[in-house]
Amino acid sequence: MLALLAWRNLWRNRLRTSIMVCAMVLGLVGVVVMLGFMTGMYANMIDNAVAWQTSHLQVHNKNYLLDPDINSRIRAPEPVLAKLDQLVEVQGVSARFVVQGMLASPRASRGIRINGVDPAAEAKVTPIADSITEGSWLETSGRHPIVISEKTASRLKLRLGSKVVLTFSNADKAVSGAAFRVTGLYRSPSSTFDEANAYVRRTDLTALAGLDGVHEIAIRLTKSDSLDNSRAKAVARILSSVLASQDRVRDWQQIQPMLATIIAQMDTSNAVILLIFISALGLGITNIMLMAVFERTREFGVLMAIGMVKRKIMGLILLESLLLGLTGALLGLLLSVMVIGLLAHTGIPLGNMADGLGAFGVSTTLYPQVTLGQYLSTLAMVVIVSLLAALYPARQIVKQRPVDAMSQKH
C-alpha cells in the first residue's frame, strides 16, 4: 500500500519527474558508454600486447634478461617443449633465436631486433601470418627470406623483393651478416613494435651466428581473460618443475609490469568516473525531493495529525526517492545494454586518434566492454544514492509538529 502511494505521489508532477528520469537515463548511458570505452581500450591494449609482444608466458635464461647476449641461451629447452606439448591449455609454442643487429638498405640503416623463428610455430603464437599486408609470411623454401613492417620498409625505402643486409655480432663477437630478400610486409597495432622487429627463419639465423639453441620460448594459451593472468601463473608453476636452474619462466604481467599497473588503475579510474556521475545524480534527486516534499508540507501535517506515525511518513518519502532512482536506473541501464551491444558489434573508429594511440598498441577500432558486475554495481550505487538523497528532505518534514506543518503555505 505504501509503495503504491509512493508511486502515485511520484507522478503527481509528471513533467518534473519525467525530466529527472530522462536526465538519469541519458546520464547513465553516457557514463556506461564511457566506462565501456575505457575498459575496451585497456583490454584491447593488453590483448595486443599479449598477442604480439609478450605472449601469455615466456621462458629465458636469467642472464639474458639482464643482458641480451647471443650466448645467453636457454639451458634446457627440450624438457620445457616436451612438457608444453602435454598441456591442453597451450595453443601454440614458438622457440625463437633472437639477436640485436642492423638492417641496412642502399639508402639507410637502423637497429632492429631480428627474430629467428619457425614459421609454422610462430603463426600459432602471434597473429603475424594474418597481418601480412603485402607479400607472404616466411616460406620454408627460398634463400634468406625476411618479413619486415610497413613502417620499417618506408623508413629504409624498401619494397617487396628488395634486398637488405642483416649484420650482428655472432657467438665469437665478430661481425656476421648476409643479404636477405623482403618477401612480406606486416602491420601490427603498435607502431613501436613495428619499428623494432623483423622476422627471419631460425635455421638461417643460427647458421649465420654459428650457434644453435634458442633464446626465448613464447607460449600462447588457448583461452585467457584479458585482465586476469591466473591461468598463465598456473602453467608457469607446472613449467617450473622442468626448468633448469639457470632458466626462468614469466607470465605477461611480469614481462610488462606496465600492463599490471594498467589493470590496477582501471578500476580506480572507472570508480572516479562513476562517483562523479553518482554525486551529480544525488544532488539532482535531493533537489527534486525537496521540491516535492515542501510542496506537500501541509499534506504531511494532516497525515501526522490524523495519526500516521512519522516513521511511515519517512518511509513514504524514501520509497518515492527509491522508485525515482530505480525507474531512471533500470531504463538507463536497459538503453545502455542496447547501445553497448550495438557498439560492440560495429566498433568505434578512432580516426585521427589512431596514430597517437598506436604507440601504445591500441587498434584503430575499439569495441566497448561492460561486464555484468559493472552494470550491477552501477544499479546498486544509484539505489543507495537515491535513498541517501531523500534523507534530508524526509528529516525536514518529520521533525516538524503537525500544527506547524499544516500552517505552512507553499
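Rings of Phe, Tyr and Trp (the six-membered ring of Trp) pair if their centres lie within 6.5 Å, and planes under 30 degrees apart count as stacked, over 60 as edge-to-face and the rest as tilted. By that rule, a search of the whole structure finds 5 aromatic pairs. One of them is formed by tryptophan 52 and tyrosine 186, whose ring centres are 6.1 Å apart and whose planes lie at 20°, so the pair is stacked. This pair links distant parts of the chain, with tryptophan 52 in helix H2 and tyrosine 186 in strand E7 (residues 175–186), 134 residues apart.

The model is predicted, and local features need pLDDT of at least 70, side-chain atom pairs count only at pLDDT 80 or more, and totals for chains, interfaces and linings use all residues. Residues are numbered from 1 along each chain as its sequence is written, and side-chain values use heavy atoms, with hydrogens and water left out. Helices (H or I, at least four residues) and strands (E, at least two) are DSSP runs, numbered from the N terminus.

| Helix pair | Angle | Axes |
|---|---|---|
| H1 (residues 2–10) and H13 | about 60° | 8 Å apart |
| H2 (residues 14–54) and H13 (residues 310–346) | roughly 40° | within 8 Å |
| H11 and H13 | about 135° | 11 Å apart |

Angles under 35 degrees count as roughly parallel, over 145 as roughly antiparallel, 65 to 115 as roughly perpendicular and the rest as oblique. H1 is therefore oblique to H13, H2 and H13 are oblique to each other, and H11 is oblique to H13. The contact of H2 with H13 comprises 16 nonpolar, 6 polar and no charged residues, with Ala, Val, Leu, Ile, Met, Phe, Trp, Tyr, Cys and Pro counted as nonpolar, Asp, Glu, Lys and Arg as charged, and the others, Gly among them, as polar.

Just after H2, serine 55 takes a positive phi of about 55°.

Methods. Axes are lines fitted to C-alpha atoms, for helices over the stretch in contact, and angles run from 0 to 180 degrees between N-to-C directions.
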